[in-house]
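Open the model in your viewer and keep the selection tool at hand. The stops below say what to select and what to look for there.

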There are 2 protein chains.
Amino acid sequence: MLNLLNNLDEMLLMGPGPSTVSPTIYEALHRPTLGHLDPRFIQIMDTIKLQLQTILNTKNVLTVPMSGTGSAGMETCFVNLIEPNDNVLILINGVFGGRMQDVASRLGANVDSLEFPWGTPVIPEKVKLQLAEKKYQLVAVVHAETSTGVANPIDMIAPFVKENGALFLVDAVTSVGGMPVEMDKWGIDAIYSGTQKCLSCPPGLSPVSFSPKAVEKLTNRKSKVPNWYLDLSLIANYWSGSTRVYHHTAPINMLYGLYQALFDILEEGILTIHVRHKKNHDYLVQGLEYLGLEMLVDKPYRLPMLNAVKIPEGINDGDVRATLLNDYNIEIGGGLGIFAGRVWRIGLMGHSAYEQNVDKLLGAIKNQL
Amino acid sequence: MLNLLNNLDEMLLMGPGPSTVSPTIYEALHRPTLGHLDPRFIQIMDTIKLQLQTILNTKNVLTVPMSGTGSAGMETCFVNLIEPNDNVLILINGVFGGRMQDVASRLGANVDSLEFPWGTPVIPEKVKLQLAEKKYQLVAVVHAETSTGVANPIDMIAPFVKENGALFLVDAVTSVGGMPVEMDKWGIDAIYSGTQKCLSCPPGLSPVSFSPKAVEKLTNRKSKVPNWYLDLSLIANYWSGSTRVYHHTAPINMLYGLYQALFDILEEGILTIHVRHKKNHDYLVQGLEYLGLEMLVDKPYRLPMLNAVKIPEGINDGDVRATLLNDYNIEIGGGLGIFAGRVWRIGLMGHSAYEQNVDKLLGAIKNQL
């Protein structure tokens with residue numbers, strides 16, 4: 001039989017994720033599988049918790065990787081923190097804000113949304129006005145909107161949420177590992193991320209962290225969490241304490257990958273990595289503009305790790321991306337929603353964010369224009 | 001910094017799962033990560049669907065691996081198939097039947113349960129009586145109860161469920177790949193499995209399949225599936241059709257592992273593998289009885305891949321298992337619930353089910369008695 005896994009090329013993944021996986025992480029993925037209650041595995045779990053606390057800048061005890069992709073992390077936060085008829089406000093300026101709205105609505109919350117044009121950031125003053133008008137149990141926003149390349153000003157929104165008394169939930173899927181995420185300092189109550197962006201792991205896990213205030217809400221629920229698999233009150237018993245009550249069988253080898261990814265990041269230095277992302281972002285933008293291309297997002301709001309660039313008139317989106325993929329082994333992303341066919345999304349995430357990769361991509365794009 | 005992943009020993013995993021991973025699957029796990037919309041990856045996805053249909057003996061179009069462990073598969077089936085106030089009957093004779101009850105209750109169903117003593121099978125005649133009394137929308141049962149080592153007679157229960165008009169949901173986490181699972185012939189409407197048992201993959205994915213009748217129920221729901229991440233009506237659009245609408249980023253490398261596991265099984269031959277499990281089960285039981293140990297479950301109801309054996313009086317459960325783990329690199333499982341401290345659970349799953357492993361384990365146990 002033909003094995004489709006033979007002769008797969010190593011791709012340069014410069015789309016919206018997954019990003020290029022580093023050799024050390026590939027190596028970690030195929031270490032010997034241990035049992036999920038083996039003391040040596042539990043030591044790895046304990047270390048992952050510490051690593052995550054470090055990278056998220058939090059002291060939160062309830063800091064665990066969920067056994068699913070970033071979207072499972074989103075679902076986890078909502079399903080644990082929302083009860084039916086809770087008032088929820090979602091700040092939306094892209095696909096992932098919209099997804100939050102869908103997830104929250106399915107859980108029976110009263111969901112309001114405050115929408116901002118795609119490609120522009122959430123404006124804190126408008127959030128302030130809305131929050132002055134109505135009490136909310138939870139306010140949610142995306143830090144790094146992967147669909148447009150916009151950074152939302154979490155630190156400027158947080159004080160208004162605190163004043164309202166709501167829990168503050170932040171999607172940090174794309175930001176963690178590529179730019180500062182100050183969970184405690186900014187006053188974030190719940191956060192989720194993903195492994196396949198700036199952590200440069202394959203997709204499959206979603207780090208989640210809850211503040212003491214979020215844990216209090218979870219503890220005081222009137223109803224059980226309506227999702228057994230993602231019930232953090234049960235999962236916490238497996239990830240901490242002395243009894244380690246079995247919940248579900250943890251994805252052992254994926255957790256090896258996450259451990260190694262965080263190990264590598266802490267060894268390189270978080271600050272060093274943020275600088276590397278920013279430097280390569282500047283280098284990429286400079287190169288794209290030199291080729292006559294125009295960025296979608298205004299300079300102050302641009303994410304370093306996700307660069308949306310307008311497709312010039314007369315250039316066929318699909319053709320260019322197919323050529324990059326097939327002839328150059330480079331993947332970049334297309335636009336989503338209103339930007340489909342109008343922008344490319346170029347990722348500089350984790351192990352993809354190096355100068356030689358930017359050079360390779362710029363050369364390939366140049367040949368297509 | 002000390003890297004905890006260095007020098008991990010290759011363990012002989014003979015507990016209730018995860019099972020020992022074969023070298024070919026380790027190899028697959030660290031193949032180059034592709035994008036989740038890369039045509040070559042989509043070809044791998046299409047093949048995985050065909051492989052799963054083959055191993056489940058089904059023609060069901062909606063046959064996909066969910067991005068979570070076996071428990072996520074359980075949650076998937078209930079959350080997609082149950083609407084509030086549906087009548088649900090759970091047949092319980094162990095931990096995993098009990099878990100089904102918890103999952104279904106959280107979704108607002110009216111849950112009845114029919115309980116049978118742990119260590120004994122579900123009795124079809126009793127199910128028949130219950131089903132004659134009340135209409136149900138869904139009846140659920142575990143095929144291979146991993147907590148006790150009992151095989152439930154799915155084929156004998158199915159006709160009564162069909163007569164009632166209910167959907168028939170079966171947990172096949174531990175049975176798939178180690179004993180026959182005839183989804184279509186037996187009349188199963190929804191099934192879920194896991195990768196870390198007889199497929200010998202690391203944990204992390206849960207194959208799920210829905211019959212046309214189950215799909216009809218999903219399609220005719222009055223309310224949205226109350227879980228976005230596990231919503232099969234959305235996931236189906238990514239796993240089939242020509243548009244491949246992005247849902248969540250698939251766990252690429254875990255899917256490589258699943259592909260390889262199914263590839264290996266189909267190459268060895270499903271029947272051959274079932275015979276291998278049965279032969280090694282017989283060999284193990286013979287050896288255990290020779291050592292004076294007694295099996296928990298009566299012979300006709302024993303699972304080949306999960307062997308519950310009574311711990312002799314005067315033997316300390318924890319000590320023996322710790323010695324096996326630390327001195328012999330062998331993991332076996334302890335008892336759960338009422339059987340905690342009273343039985344060991346010995347797995348013969350997938351790549352663990354070989355004669356030399358049984359010999360190694362029997363030798364190690366002998367030294368402890």
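Select strands β13 and β14 (residues 343-347) of chain B, which pair in the antiparallel sense over two bridges. Strands here are DSSP runs of E of at least two residues, helices are runs of H or I of at least four residues, and both are numbered from the N terminus. Two strands pair if DSSP finds at least two bridges between them. Within this pair, find Gly334(B), which stands opposite Trp344(B) in β14(B).

The model is a predicted one, in which local features need pLDDT of at least 70 and side-chain atom pairs count only at pLDDT 80 or more, while totals for chains, interfaces and linings use all residues. Residues are numbered from 1 along each chain as its sequence is written, and chains are lettered from A and ligands numbered from 1 in the order in which they are written.

The three strands form an open sheet in the order β11-β14-β13 (chain B), with antiparallel pairing. At its edges are β11 (306-310) and β13 (333-334) of chain B, each pairing on one side only.

Stay in chain B and select helices α5 (residues 124-133) and α6 (residues 154-164). Their axes come within 9 Å and cross at roughly 5°. Axes are lines fitted to C-alpha atoms, for helices over the stretch in contact, and angles run from 0 to 180 degrees between N-to-C directions. Angles under 35 degrees count as roughly parallel, over 145 as roughly antiparallel, 65 to 115 as roughly perpendicular and the rest as oblique. α5(B) and α6(B) are therefore roughly parallel to each other. On the α5(B) side, the contact is made by Pro124(B), Val127(B), Lys128(B) and Leu131(B). Those on the α6(B) side include Met156(B), Ile157(B) and Phe160(B). Two residues are in contact if their C-beta atoms, placed from the backbone, lie within 7 Å.

Next, move to chain A, which has 13 helices and 14 strands. Its C-alpha trace spans about 60 × 55 × 40 Å along the principal axes.

Which order do the seven strands of the open sheet in chain A follow? The order is β2-β10-β9-β8-β5-β3-β4 (chain A), and the pairing is mixed. β2 (62-66) and β4 (110-115) of chain A stand at the edges with a single partner strand each, so one side of each is left without a neighbour in the sheet. Direction ignored, neighbouring strands of this sheet are turned by 15° against each other on average.

β2(A) pairs with β10 (residues 206-210) of chain A in the antiparallel sense over five bridges, and Leu62(A) stands opposite Phe210(A) in β10(A). Helix α2 (residues 39-56) of chain A lies across β2, β9 (190-192) and β10 of chain A, at about 105° to β2(A).

Finally, show both chains. A rotation of 180° with 0.0 Å of shift along its axis superposes chain B on chain A (RMSD 0.0 Å), by least squares on the C-alpha atoms of residues with pLDDT of at least 70 in both. That is the relation of a two-fold axis. Select Gly68(B): of the residues of chain B, its C-alpha comes closest to the rotation axis, at 2.6 Å.

The contact between the chains takes 62 residues from chain B and 62 residues from chain A. α10(B) gives the largest share of the chain B side, eight residues.
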